[in-house]
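Please look over the sequence and the coordinates that follow. The questions below go through the overall form first and then a single side-chain contact.

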Amino acid sequence: MKRKLTVTVDAEMLPMAKRYARSRGVSLSSLIEQSLRGLVNEDRPSFASRWRGKLRLANRGGTRYDALEKKYL
């Protein structure tokens, strides 16, 4: 659900921001939302970094492993 937000910017910044958004084919609201999403997601670790080192290799050997290896490798 979208909500209204009042943002105050420097008088010289507004026309430049509108031109920038228009040149990329998006609204100023979308541009601000995308920028905020990027800032918020900067602090979150990536999927790969969250899982790095958490998974272990399967035990090699045994009938089950041999059957899977034959089928998929």
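Of the 73 residues of the protein, 5% count as buried, and the model discussed here is a predicted one.

Q: In what order do the secondary structure elements of the protein run from the N terminus?
A: The secondary structure comprises four helices and zero strands. Read from the N terminus on, the order of the elements is therefore α-α-α-α.

Q: Which class of aromatic pair do Phe 47 and Trp 51 form?
A: The structure holds one aromatic pair, and its rings, those of Phe 47 and Trp 51, lie 6.4 Å apart centre to centre with 45° between the planes. Planes under 30 degrees apart would count as stacked and those over 60 as edge-to-face, so the rest, to which this pair belongs, are called tilted.

Q: How far apart along helix α3 are Phe 47 and Trp 51, in helical turns?
A: Phe 47 is exposed, with a relative accessible area of 57%, while Trp 51 counts as partly exposed at 45%. Because the two residues are four apart in helix α3 (residues 47–51), their separation is about one helical turn.

Terms used. Residues are numbered from 1 along each chain as its sequence is written. This is a predicted model: local features need pLDDT of at least 70, side-chain atom pairs count only at pLDDT 80 or more; totals for chains, interfaces and linings use all residues. Side-chain values use heavy atoms; hydrogens and water are left out. Rings of Phe, Tyr and Trp (its six-membered ring) pair if their centres lie within 6.5 Å; planes under 30 degrees apart count as stacked, over 60 as edge-to-face and the rest as tilted. Buried means under 20% relative accessible area, exposed over 50%, partly exposed in between (1.4 Å probe, protein chains only).
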